[in-house]
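Student: Could you show me how to read the cores and the chain-to-chain contact in a model such as this one?

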Amino acid sequence: MGKYSDSAEWEDIVPISQDDGGPNPLAAIAYTEDYSEAMSYLRAVMAVDEKSDRVLGLTEDIIQMNPAHYTVWLYRADILLELQKNLVQELEWLNTIAIKHHKNFQIWHHRQVIMSHTPTLPSSEISFLARMFAKDAKNYHVWSYRQWLVRRFSLWDSELPYVESLLQSDVRNNSAWNHRWFIVFARYTDPEKHSIKNNDADSQVEPGIIEREIEYTKAAILMAPQNQSPWNYLRGIVRKQGKGLVGLKSFAEQFANLEKEDEVRSSHALDFLADVYAEEEENELSGKALELLARRYDPIRKNYWNYRRSMLGFEQVGA
Amino acid sequence: MSTHAASPSQPAPNLRSDRSSFNKERHIKYWLRCLKTHLPTAYTSNDAQRMTLAFFILSALDVLGVLHTKTTPAERNEYVDWILRCQHPNGGFRGFTGTMVGEDAALENCAWDSANLAATYFACAALAVLGEGMEGVRKTECLNWVRGLQRRNGSFGEGIGKGGRVEGGEDMRFCYCAAAVRWMLRRGDVESIADIDVERLVEYIETSVTYEGGIAQAPFHEANAGLTYSGVGALSLLGKIPRKGRPSSDGKMMSPEFINDLTRWLVSRQTLMLQDIEDGLDVAEDEFAHPGSAPAPAPIAFPPTFHVLGGFPVPAEIALHGEPLALEVSPYDQQWVGVNGRCNKVADTCYSFWVGGTLGMLNQVYLQDFNGIRRYLLEKTQHMIGGFGKMPGDLPDILHSHHGLVTLATMREPDLKSIDPTLCISVSARENFEKQTAGGKVNRTL
């Protein structure tokens with residue numbers, strides 16, 4: 001009694017039921033009858049490596065119930081390519097699955113497999129990703145896929161304005177900041193080798209680009225000083241430049257002046273300045289910035305700020 | 001090398017609190033229900049990861065100290081049988097029995113019933129937790145299979161597909177699993193078994209360190225705490241993380257600069273943002289609402305930019321007043337400290353372990369706000385039926401219940417076994433590896 005056992009289309013198939021062994025299998029799940037049946041038919045067709053339209057339908061059925069079944073995706077991709085199916089249609093079907101199961105990652109890997117067999121970028125692809133980001137602008141799988149897509153179709157030039165539009169609507173979107181880093185620096189690397197580490201000074205990047213990034217990031221910090229994303233970005237850029245943080249001292253001091261400790265406007269500026277002063281061997285000032293962080297402006301990280309103080313030879317700040 | 005829980009010389013956390021209590025009996029009940037009855041239908045989407053669930057269930061009961069008292073030897077034998085049933089004849093373990101076709105298994109269909117790297121790590125770890133040696137594991141086949149999963153750039157796939165192709169995305173988690181399986185199985189008489197390319201693996205992890213100081217899924221992706229745990233765990237198992245008084249056994253160590261940036265990134269994951277503001281409904285928080293607490297600032301749009309042309313019209317005057325001065329947080333709101341997985345994200349129970357476990361590998365768990373995190377777990381995400389949810393008010397699930405529990409174990413919660421943060425098993429389970437080195441030979445490589 002079931003979708004497959006009652007179907008004339010499937011009457012030649014003898015389903016293979018699951019064999020979990022003894023009476024105490026681990027993590028046994030209360031399957032629905034529909035899922036158990038579909039899986040039994042899947043085993044039967046996998047056993048003979050059948051590649052057909054009806055099996056494509058079966059894999060769709062199972063993916064709807066269990067999108068994290070990794071071999072069913074591999075099987076499906078194999079059938080699609082072997083039967084030379086319309087891959088654009090496959091992408092359209094994937095759109096609906098991706099929207100429904102937005103935390104799943106096999107879907108995105110499959111999309112990448114399909115797209116690697118697609119010679120040109122389908123016109124709907126970018127607008128579909130925009131829909132995904134409208135749902136969750138920080139979806140890790142979608143960002144990972146997008147990086148792959150940018151490399152595959154060399155989309156570097158159109159990507160920067162897009163990232164900026166995302167940062168404009170949410171300057172705290174750390175995924176967008178990270179994507180900006182990728183756009184600026186990854187185009188000079190070979191993904192097969194990618195021997196350049198993120199923290200290495202990078203001689204291949206034109207100097208004007210580094211300056212542009214510093215100015216952009218400073219403007220973002222001015223908009224929202226208590227936002228760690230651009231502060232981290234700024235530290236990364238300065239390191240790429242091969243310079244210390246000291247050059248940004250006066251910029252950071254406008255958000256945290258140690259003389260006016262009631263008017264600190266960014267704990268990240270204090271953290272930044274603690275490093276600037278340490279670079280200048282002004283340990284008293286550095287210790288003071290860390291003390292303000294521990295006592296007033298970032299007490300949930302008190303243990304860490306105290307640890308940093310102890311590295312400079314200072315005593316801990318009490319509760 | 002070996003891995004260690006935080007050394008006892010570090011200051012003990014102050015565990016006093018008015019309202020937080022760890023309901024050990026309820027957690028035991030929750031986990032025994034997971035072990036001995038069918039999991040709800042909603043777990044169907046985890047069917048292919050049953051080995052992962054199995055490990056979490058067994059390991060949680062082990063950390064609670066009841067795995068060997070609340071199960072019979074006969075039951076434990078059957079658990080071992082199920083794990084070994086998932087072992088693939090050509091090496092490695094499947095994630096579940098759902099792809100096995102019994103007598104119909106043949107060369108032309110073996111790609112659809114393949115072993116999986118994550119499942120292999122969880123299977124070996126689960127066997128250790130059960131007190132079982134690695135005798136049942138086809139060690140040579142498994143190590144050779146793992147080596148075959150390594151790509152030219154040093155990363156690992158998760159399985160072998162059609163025509164011997166390495167399948168799976170580039171993923172730091174697979175790097176961790178490979179390093180962990182190597183650590184667990186590459187002991188005793190293994191000289192004749194070729195090793196993975198450790199140098200390339202280390203290089204791959206190093207290039208996945210981001211400008212923020214954490215580690216990403218792959219080079220240039222965003223730093224994430226789970227992936228950082230995976231990357232640092234792999235480095236730790238490969239002997240690349242410096243430890244006090246422990247000189248490197250082979251080759252160079254990760255630099256102090258890497259450790260400093262990583263530590264800053266890890267402690268930055270502590271957050272007072274416990275609920276997704278975008279979700280709107282703040283139900284669980286309402287009863288604790290406090291008049292002094294400032295609402296999270298709304299996203300601020302900044303003016304159109306013309307980066308390509310060089311200009312950036314942000315009037316400094318306006319910008320300087322763009323954000324309310326609400327930096328200082330009231331002592332009331334500092335009581336519960338959550339942990340997020342990425343910069344500017346909301347807290348989630350599981351990241352308390354990914355972050356705390358990684359700090360544990362660096363011997364720096366004490367840099368966290370123990371009290372705040374403990375109270376967040378016990379008062380916000382611990383569930384009255386036992387287990388932990390992902391966020392305040394959520395129902396418990398296996399992953400978050402396990403991670404909440406082992407986080408408390410890394411903070412030396414009384415009544416829980418201490419855990420090895422690198423392998424994510426109890427210290428007593430880890431000792432099963434060290435005891436059972438084959439042929440009585442000295443543990444040579446690690």
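Predicted model: local features only at pLDDT ≥ 70, side-chain atom pairs only at ≥ 80, totals over all residues.

Student: Which residues have the most contacts inside the largest nonpolar core?

Tutor: A core is read as a set of buried nonpolar residues joined through side-chain atoms within 4.5 Å. Here the largest such set has 129 residues, and those with the most contacts inside it are W31(B), L58(B), I83(B), Y121(B) and I398(B). Leaving aside residues up to four places away in sequence, W31(B) touches F56(B), I57(B), A60(B), L61(B) and L64(B), and also I398(B), S401(B), H402(B) and L405(B). Apart from that core lies another one, of 109 residues, which includes I97(A), L160(A), Y233(A) and L248(A).

Student: How many residues does the contact take from chain A and from chain B?

Tutor: One can begin with the residues in contact and go on to the area they bury. The contact takes 101 residues from chain A and 103 residues from chain B, and the two chains bury about 9,200 Å² between them, with 55% of it on carbon and sulfur atoms.

Student: What does the rule find across the interface in the way of salt bridges?

Tutor: Between chain A and chain B the rule finds eight salt bridges; the side chains of K162(B) and D78(A), for instance, meet in a salt bridge at 3.2 Å, N to O. The count of residue pairs in polar contact between the chains, both at pLDDT 80 or more, is 49. On the side of chain A that touches chain B, the largest share, eight residues, comes from helix α9 (residues 174-185) of chain A, and by class that side has 46 nonpolar, 31 polar and 24 charged residues.

Technical notes:
Residues numbered from 1 in each chain as written. Chains lettered and ligands numbered in written order. Heavy atoms only, no water. Buried < 20%, exposed > 50% of the residue type's maximum accessible area, 1.4 Å probe, protein only. Contact = heavy atoms within 4.5 Å. Buried area = accessible area lost by both parts, 1.4 Å probe. Salt bridge = Lys/Arg side-chain N within 4 Å of Asp/Glu carboxyl O. Polar contact = N/O pair within 3.5 Å; in protein donor to acceptor, adjacent residues only side chain to side chain. Helix = DSSP H or I, 4+ residues; strand = E, 2+ residues; numbered from the N terminus. Nonpolar A, V, L, I, M, F, W, Y, C, P; charged D, E, K, R; others polar.
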